[in-house]
Amino acid sequence: MKLTVVGCSGSFPSAESACSSYLVEADGYRLLLDMGNGALGELQRHCGLYDLDAIILSHLHADHCIDMCAYFVARYYRHEGGRCEAIPVYGPQGTEQRLTTAYADTPSEKSMSEVFDFRDLAPRSTFRLGPLTVTADRVRHPVETYGFRIEHEGHEGRTRALVYSGDTGPCDTLCDLARGADLFLCEASFTDGKEDIPELHLNGRQAGECAQRAGAERLVLTHIPLWTDPRHNLRDAQAAFSGPVEMARPGAVYEI
Ligand SMILES: [Zn+2]
Ligand SMILES: [Zn+2]
């Protein structure tokens, strides 16, 4: 299984990075996790515009989903080969209506469903996408938000697990999802001692503590907004987690 960081800037895009978006590939199957501001452009550095097999949206904050409006245009008005077939798009309840409203201000419009097969996520649910087994569970954020465990059986028969936190404050659900993960992609938006809103985001220390509790193999911190010092969060996470820690950066590739 291969993970490519398409965008990792928290809350809004930076000069260096689009907002949250991560490409997961295995056995030729391509799954995109989130499609925040600027992600559609960056995505085309890593795969063809029409090469995605499925999309999962952790939640409906703009920095995780808003480029779906642009992607709709690309799929619906495709110049060569006609309109694209619908690919599965998993998201919280109301994803279709929310994206339709963001695109056209006509919530009754149904054209998005011609190119996206919208499916509701549910807490503690597991579903299969090509060679991947995805487990979704609710994490701690002001809107319906999911974290994900994505498993793939490697060629040597060992199951590998990638866990993505979505946006979340500290919660047991996230540690349960991350149990023994080979790679734990965890948000660390806040700075320890500076912001403390447990219903909203994690800081570097909390991300490290969760990885330690979960017994994860490797921790990658992501969703760092402009006003957070990534070096501070890296140090805090390293102090709490005994395994390797690094910062996500656009274009980074991980073999899991
Ligand atoms: Zn976010
Ligand atoms: Zn959010």
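The donor residues of the zinc ion (ligand 1) are spaced D-H-x102-D-x55-H in sequence. Before I go on, the ground rules. This is a predicted model, where local features need pLDDT of at least 70, side-chain atom pairs count only at pLDDT 80 or more, and totals for chains, interfaces and linings use all residues. Residues are numbered from 1 along each chain as its sequence is written, chains are lettered from A and ligands numbered from 1 in the order in which they are written, and side-chain values use heavy atoms, with hydrogens and water left out.

Back to ligand 1. Its protein donors are Asp63 (OD), His64 (NE2), Asp167 (OD) and His223 (NE2), at 2.1 to 2.2 Å. Donors here are N, O and S atoms within 2.8 Å of the metal (3.2 Å for Na, K and Ca); water is not among the atoms, so sites may look incomplete. The angles among the four donor atoms run from 88 to 166°, and the site is irregular. On the cut-offs: four donors are tetrahedral if all angles lie between 85 and 135 degrees; four are square planar and six octahedral if opposite donors are over 155 degrees apart and all others between 65 and 115; anything else is irregular.

Next, the zinc ion (ligand 2). Its protein donors are His59 (NE2), His61 (ND1), His141 (NE2) and Asp167 (OD), 2.2 to 2.4 Å away. The sequence spacing is H-x1-H-x79-H-x25-D. This site is irregular too, because its four donor atoms subtend angles of 91 to 165°.

What bridges the two zinc ions? Asp167 does, and the ions lie 3.5 Å apart. Helices (H or I, at least four residues) and strands (E, at least two) are DSSP runs, numbered from the N terminus.

Buried or exposed? Asp167 counts as buried because its relative accessibility is 2%. His61, at 26%, therefore counts as partly exposed. The cut-offs: buried is under 20% relative accessible area, exposed over 50%, partly exposed in between (1.4 Å probe, protein chains only). His64 is buried as well.

Now the helices. In α3 (residues 67–76), eight of the ten residues are buried, among them Asp67, Cys69 and Arg75. Ala207 sits in helix α7 (residues 204–214). At 0% relative accessibility, Ala207 counts as buried. Beyond its neighbours within four places in sequence, Ala207 contacts Phe184, Cys186, Glu187, Ala188, Leu219 and Leu221. Contact means heavy atoms within 4.5 Å.
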